[in-house]
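Here is a short report on pockets and surface. Please keep the structure open while reading.

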Amino acid sequence: MATFFCLFADETIALLSLNHGRSKKGRGHVKFIRCDNCSQACPKDKAIKRITIRNMVEPAGKRDMAEASVYESYEIPKVYLKNQHCVGCAIHLRIVRVRSRTARRNRAPPPRFPIKDAKKASA
């Protein structure tokens, strides 16, 4: 019988992230989504998700519509987009950044800054 000897029996493998980059917890399997950038299949809980809210019309067109409109105050609807990216594309598009090993332990959300439009409306 051959005897196998393990060189790394005493060492532990470094745990890069507490949740292995996922938010699955007790679920055994999660459906896959397609990355918006490269169409790579990625688990839904691992994908980086961001919601972008934009006006349907740019400011120059908004002014033209206000001048030509019969109504004095018309709220132009907004476009709500949910972007889902795989980890590779999110890093490439600078949606998320690579963090050092010690910084990966920080699970707190990044600081939130006030929206610029809210400052103008209140002033």
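How do the residues of the lining of the second largest pocket divide into nonpolar, polar and charged? The model is predicted. In this lining, five residues are nonpolar, two are polar and three are charged. The residues in question are Lys 62, Met 65, Ala 66, Ser 69, Tyr 71, Glu 72, Ser 73, Tyr 74, Glu 75 and Ile 76. The space in this second largest pocket is about 170 Å³.

Now the largest pocket. It holds about 1,700 Å³ of space. Its lining has 32 residues, and the closest to the pocket centre are Ile 48, Arg 50, Val 96, Arg 99 and Pro 110. The lining comprises 15 nonpolar, seven polar and ten charged residues.

Which elements supply the lining of the largest pocket with at least two residues each? They are β3 (48-55) and α2 (87-92). Strand β3 gives the largest share, six residues.

Strand β3 also holds Ile 53. On the surface, Ile 53 forms a nonpolar patch with Ile 51 and Tyr 80. Together, these three residues have about 370 Å² of accessible area. Is Ile 53 buried or exposed? Ile 53 counts as exposed because its relative accessible area is 52%, and the cut-off for exposed is over 50%.

Methods. Residues are numbered from 1 along each chain as its sequence is written. This is a predicted model: local features need pLDDT of at least 70, side-chain atom pairs count only at pLDDT 80 or more; totals for chains, interfaces and linings use all residues. Side-chain values use heavy atoms; hydrogens and water are left out. On a 1 Å grid over the protein atoms alone, a cavity is a set of points where a 1.4 Å probe fits but cannot get out, and a pocket is an open set with protein on both sides within 12 Å along at least five of seven lines; lining residues have an atom within 4 Å of a point. Grid points are joined across faces, edges and corners, and a volume is the space filled by probe spheres set on the points. Helices (H or I, at least four residues) and strands (E, at least two) are DSSP runs, numbered from the N terminus. Ala, Val, Leu, Ile, Met, Phe, Trp, Tyr, Cys and Pro count as nonpolar, Asp, Glu, Lys and Arg as charged, and the others, Gly among them, as polar. Patches are made of residues with over 30% relative accessible area and no salt bridge: like charges are joined within 9 Å, nonpolar side chains (Val, Leu, Ile, Met, Phe, Trp, Tyr) within 5 Å. Accessible areas come from the Shrake-Rupley method with a 1.4 Å probe; for residues, only the protein chains shown count as cover. A salt bridge is a side-chain nitrogen of Lys or Arg within 4 Å of a carboxyl oxygen of Asp or Glu. Buried means under 20% relative accessible area, exposed over 50%, partly exposed in between (1.4 Å probe, protein chains only).
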